[in-house]
Amino acid sequence: MKQVTIKDIAKAAGVSYSTVSRSLSGSPEISEKTRERILTLCKEMNYTANAVARSMVMKSTKLLGLIVTDISNPFMSELAYYIDGQARARGYNIVLCNSLRSLEQERNLFELMISRKVDGVILLPAESESYNALSSLLPRIPTIFVGENLREAPESYVTVDNCRGAYLGMEYLHRLGHRRILYFGKRKGSTTHQLRSDGYLAACRDFGLEPLFQNNTFSSTSIKHGYQLAQQLFSQPRDYTAIFAATDTNALGIIQAAEEKGIRIPEDLSLLGFDNIRDGGLPRIGLTTIEQPKKLLASMAVDSLLDKIENELSGYTHRILTPSLVERSTCRALESK
């Protein structure tokens with residue numbers, strides 16, 4: 001089927017090419033009656049604007065690239081949902097890609113975004129080395145990192161205070177009387193996981209607790225991997241009264257493994273997560289967790305990026321949001337002796 005062009009619309013309307021173009025752009029030089037007639041014809045003839053040609057004229061595609069590690073991760077999908085909504089509210093659309101935690105694929109996708117002339121990129125890094133791996137490309141396009149603390153790197157990012165969040169969770173468990181708290185799911189190669197682990201260790205030092213770890217030996221974090229790690233953990237004697245899971249997905253895997261093992265949560269074992277993904281709040285789960293404010297993260301990421309694009313701002317911003325405790329039903333207070 002032949003694609004309808006502006007020239008086809010002009011011929012059908014009996015007007016010039018420029019009249020149709022001005023009608024579509026909302027030019028005040030065109031009367032409302034003529035504009036309505038042109039728009040009606042466009043709808044009847046199934047005319048679709050040539051976005052590429054428009055972008056060449058406007059020098060803007062109104063597209064933002066969004067590169068996440070894995071959209072199947074519930075946290076990533078929820079964050080992407082809010083980023084898409086915030087971008088649309090500002091008149092932009094999203095091009096979504098998955099790096100699958102591969103630095104090579106992440107770089108290839110970043111180069112693809114540049115070649116497709118997106119106006120800017122929002123990046124959830126594949127690894128802690130993502131910034132260094134992309135440093136030669138970053139000057140070519142406005143970019144915002146989300147979810148990784150780049151410390152003093154001269155690039156903009158929006159993240160939650162992961163160290164403070166883990167400390168907040170430990171304060172809560174300690175207040176409930178827990179003194180043997182196992183930290184579950186720390187993964188190598190992730191700044192986020194390192195910072196959460198740092199918060200856990202800081203709390204252990206302050207409260208005089210012995211650090212206990214069950215690290216994630218897989219290359220990614222998921223419910224399945226949390227379940228498999230928990231199976232290994234529960235095959236050994238328990239000398240802890242609470243588990244602080246590095247992510248909610250880990251926590252959901254722990255719940256599954258605990259149920260199969262006959263371990264009751266919270267009667268036999270308290271469980272705290274991190275992220276506050278949607279599934280954790282389901283009635284039969286009721287996961288107590290540390291919340292990342294995903295909607296605010298998305299809003300700040302999009303707004304910061306569009307400041308760079310629309311206002312041509314130079315420099316960089318580091319925005320670190322405060323996490324909060326969401327108390328549900330997977331943690332209980334220990335009876336004082």
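Author: Two strands pair if DSSP finds at least two bridges between them. The model here is predicted.

Reader: What makes strand 1 and strand 3 a pair?

Author: Strand 1 (residues 63-68) and strand 3 (residues 120-123) share 4 bridges, in the parallel sense. The cut-off is at least two bridges, so they count as paired.

Reader: Why are strand 2 and strand 11 said to stand at the edges?

Author: The open sheet has 6 strands in the order 2-1-3-4-5-11, with parallel pairing. Strand 2 (93-98) and strand 11 (318-321) each have a single partner strand, so one side of each lacks a neighbour in the sheet. From one strand to the next, the twist averages 15 degrees.

Reader: What lies across strand 4?

Author: Helix 12 (residues 294-310) does, at about 165 degrees to strand 4 (143-146). Helix 12 also lies across strand 1, strand 3, strand 5 (157-160) and strand 11.

Reader: How do you know that the span of helix 10 agrees with its number of residues?

Author: Helix 10 (residues 223-234) has 12 residues, which at 1.5 Å a residue should span 16 Å. Its end C-alpha atoms are 16 Å apart, so the two agree.

Reader: Which residues of helix 10 are called buried, and what covers them?

Author: Buried means under 20% relative accessible area. Among the buried residues of helix 10 are His-225, Tyr-227 and Phe-234. Their cover includes strand 6 (181-187), strand 7 (212-216), strand 8 (242-245) and helix 11 (248-261).

Reader: Which residues have the most contacts inside the largest nonpolar core?

Author: Phe-234, Ile-243 and Phe-244, in a core of 40 residues. Helix 8 gives the largest share, 6 residues. A second, separate core has 26 residues, including Leu-252 and Leu-306.

Terms used:
Residues numbered from 1 in each chain as written. Predicted model: local features only at pLDDT ≥ 70, side-chain atom pairs only at ≥ 80, totals over all residues. Heavy atoms only, no water. Expected span 1.5 Å × (residues − 1). Buried < 20%, exposed > 50% of the residue type's maximum accessible area, 1.4 Å probe, protein only. Contact = heavy atoms within 4.5 Å. Core = buried A, V, L, I, M, F, W, Y, C linked by side-chain atoms within 4.5 Å. Axes fitted to C-alpha atoms, helices over the stretch in contact; angles between N-to-C directions.
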